[in-house]
Amino acid sequence: MMNTLFASDAHTEFLRTLNVDQRDAVTTGLGPVLVLAGAGSGKTRVLTGRAVHLIREMHVHPSSIAVMTFTNKAARELKERLASYMEGATDLPWAGTFHSFCVQVLRQHGHRAGLSRDFTIYDEDDSQRVVTELLREKQVIREGVTPRQVKSAISRIKNGGKSDHRSPVVMIAEDIYEGYQSRLRDANAYDFDDLLLTPLELMMQKDEFRELLQRRYDHLLIDEFQDTNQVQFDFARMIASPQNNLFAVGDDDQSIYSWRGANYRNVLDFGKKLEGARIFRLEQNYRSTQQILDAANDVIAGSRHRHDKKLWTDRKTGEKVTLRAYSRPADEANEIIGEIEFSKQKRGLGLKDFAILFRTNAISRYFEEVLVQHRIPYTVVGGLKFYERKEIKDFIAYLRVIANPHDEQAWSRVFREIAAGVGQTTIDRLMHASRQHPLKCEAILNSTWVDSIVTGAPRVKALEFVTKLALLHEAVPSNTLSEIVDKSIKESGLESFYESLNDEESRDRLENLRQFQTGAWERSQQMPELTLSEFLSELALVSDIDDLENVTDRLALMTIHSAKGLEFPVVFVAGVEENLIPHFRSIESAEALDEERRLLYVAMTRAKDRLYMSYVEARPMNGRLDFQSPSRFLSDIDPTRLRGAGVPAKLSSRYVADEDVFSRDRPVAHLPQSAVRPSASKTLYKSSGIEFRIGDVVEHAEFGVGTVTAKSGDLYSLKVRVAFSGYGSKLLAVKYANLKKLS
DNA sequence: CCATGGGTCCTTTTT
DNA sequence: GGACCCATGG
């Protein structure tokens, strides 16, 4: 009693800290609610505030509330906030991603529809391999159609997205769709789309199932609503009905996932689809300075479809946004990190107060090199993922077979990568035979059966390998997660394999396996009942290992997509160039261009106090050196809001920097783009300055000094044969080999 | 039938 | 510079 009273006071106190609009949204009555919340307008506060309000003031039981987010990072943030607002409470609302919600549903209730608990989640890689196999079997390999494209078309079909009807890719996708689904079914596996789709279909088909979930959750709160796709929206609506206690928070200006089926029309049409919906707008920004906000508003104003919003702040004007031009990515990295070191000293900031954002993961490399060199601690959020390392993927595949012997992709990988003496022919034979078998891949656990399929030398090797897996599979029910992982690491032979190699790389890989083992042990300690299968699901959905250790003072590097929902005192946006933002894959369609614009808007609005943007003169791409132009979106910013070497001297719609002007810290003069347009997209050969002739003496980083004995290939794939002393003759691609000419 | 080495081709964003 | 494919030798 005391507790509730006190908590209620605390909540009243909390409500007082909200502005009128926020408070109206938090305290509004039941039924569908849409909150249009601009960047930095306190979206998360409103969402968590609403959950607390439902509990404290409207006497809703916490366990009947579910808060859905789109990314793991957002989910973590929400959980933390809920826990701190509800300090001391034992019951908290459910909070997590759509995907994790669905996994939970499938595991807890799937058996009612005859579904197994021990399913596997196929990641993008597994799914694409299935597509590749089907294309090969059906021999529909067509020029210019990649498995990746077909997979994404399948994904679009599943998510009810617009299909570019009758394109070759879509037709192939439709053609193999059934085969793809039955492959997954046989493997007892779900791809990311099925994870959402299956529970939705179950609810539509089985009243019992639907009623169960509808009764279980009375209130659904949805974060980043602009990023939900049709399936997610339908799913949420179905659970929330018939009362429709759906509280959605979103910003159409920050919709950056349409390529994944996200449909910001869900935001625009919310009122039409849910009767009696109330709509609130949050336009006061608490995050950024007026300068940053103005510059960001200049960019987003060019967007075609949007709810018109005018973000304002009562924060001080602040400093102008800095725009800089550099010669090469390495200079950009050096200068930005130099700037961070400098302002850290000068303003007494910590590393965690800075973030470097970029459009593509590949760009992080340049920054990492400088950071390693300077021994500055950093994290690449979502970049080089721990669980994507080869040794970890191999071992996870081994565990996947043990947890779910139907998992065909795991079997393939395990044979291909771990089993010595078993080659592709044997794998194909086993896979093909198991598809005819009623038990599908599970048949491989039966050594008598394997014995009947495999002959010759591989037979013994395969039997030996399979027997171990069969024993481990049988051991699952009677062992803890940690015990199974320990045994598997030994039995798989991975440990002794890497130990025997004893080189730098293998030590690294071994270390990673140990780290994985420790992770499993820790998880086992926290949750003794956690099954292997559940553990593997967690891994499939949460890819950042450093999700846990966010306490230390580290510099954050991440893509703009990953940065959504986050804020930092100082933000650097690197590579603000044509072909990057907007990405070259997005420049043909107006829709895609708009999304790129929103992406830059999201990047800029992450900054609280200072915002730096930069672009480079030329960037190595695909083994070539591409000359870059500044992003077209930069020219939408009123130049008076910008400062620094890189700001066009006069207002012009397009501009590109003059070559020798990029040396640092000198004011930059700009030429109108028209004057240099022909060279703007010209690609140059990396070693174009160097002519190699037969007889030239060259130096290679690894092979040392050698003599050029032959030349082949054209301008873009020039190769030279070099005779090295000690290493013999090598054929080298000039663009990668980085040869130094000595004579 | 397997292992190995050289050749070819690709690189957006996330669950 | 990495993943994947194909040819070759064991």
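Guide: Let us begin with a covered helix. The elements that cover the buried residues of helix H14 include E9, H27 and E14. Helices (DSSP runs of H or I, at least four residues) and strands (runs of E, at least two) are numbered from the N terminus. Contact means heavy atoms within 4.5 Å, and buried means under 20% relative accessible area, with exposed over 50% and partly exposed in between (1.4 Å probe, protein chains only).

Visitor: On what conventions does this reading rest?

Guide: This is a predicted model, in which local features need pLDDT of at least 70 and side-chain atom pairs count only at pLDDT 80 or more, while totals for chains, interfaces and linings use all residues. Residues are numbered from 1 along each chain as its sequence is written, chains are lettered from A and ligands numbered from 1 in the order in which they are written, and side-chain values use heavy atoms, with hydrogens and water left out.

Visitor: How many residues of H14 are buried, and which are they?

Guide: Nine of the 11 residues of H14 are buried, so the helix is largely enclosed by the rest of the structure. The buried residues are Gln-291, Ile-292, Leu-293, Ala-295, Ala-296, Asn-297, Asp-298, Val-299 and Ile-300.

Visitor: Where does H14 lie, and at what angle to E14 does it run?

Guide: Axes are lines fitted to C-alpha atoms, for helices over the stretch in contact, and angles run from 0 to 180 degrees between N-to-C directions. H14 (residues 290–300) lies across strand E9 (321–326) and strand E14 (607–616), at about 50° to E14. Helix H27 (residues 590–604) also packs on the sheet, where it touches E10, strand E13 (568–573) and E14, and its direction makes about 130° with that of E14.

Visitor: What is the strand order of that sheet?

Guide: Two strands pair if DSSP finds at least two bridges between them. The sheet is open and has seven strands in the order E11-E12-E10-E13-E14-E9-E17, with parallel pairing. Its edge strands, each pairing on one side only, are E11 (378–381) and E17 (642–643). Within the sheet, E10 (residues 354–358) and E12 (residues 555–559) run parallel and are joined by four bridges. Leu-357 stands opposite Met-558 in E12.

Visitor: Which strands make up the open sheet of six?

Guide: The order there is E3-E2-E6-E7-E1-E8, again with parallel pairing. E3 (94–97) and E8 (278–282) are the edge strands, and each pairs on one side only. From one strand to the next, the twist averages 15°. Four bridges join E2 (residues 65–69) to E3, and the two run parallel. Ala-66 has Trp-94 as its bridge partner in E3. Helix H5 (residues 98–109) lies across E2, E3 and strand E6 (219–222), running at about 110° to E3.

Visitor: How is the packing of H5 on H9 to be described, and why is H5 called oblique to H9?

Guide: Angles under 35 degrees count as roughly parallel, over 145 as roughly antiparallel, 65 to 115 as roughly perpendicular and the rest as oblique. The axes of H5 and H9 (residues 192–205) come within 9 Å and cross at roughly 60°, which makes H5 oblique to H9. A crossing is left-handed if the near helix is turned anticlockwise from the far one by less than a right angle, and right-handed if clockwise. H5 passes H9 in a left-handed crossing. In the contact, Phe-98, His-99, Cys-102, Val-103, Val-105 and Leu-106 of H5 meet Phe-192, Leu-195, Leu-196, Thr-198 and Pro-199 of H9.

Visitor: Into which classes do the residues of that contact divide?

Guide: Ala, Val, Leu, Ile, Met, Phe, Trp, Tyr, Cys and Pro count as nonpolar, Asp, Glu, Lys and Arg as charged, and the others, Gly among them, as polar. The contact of H5 with H9 has nine nonpolar, two polar and no charged residues.

Visitor: Finally, is Leu-274 buried or exposed?

Guide: Leu-274 counts as buried, because its relative accessibility is 2%. Leu-274 is found in the loop between helix H13 (270–273) and E8. Leu-274 and Pro-32 are 242 residues apart in sequence, yet 6.6 Å apart in space, C-alpha to C-alpha.
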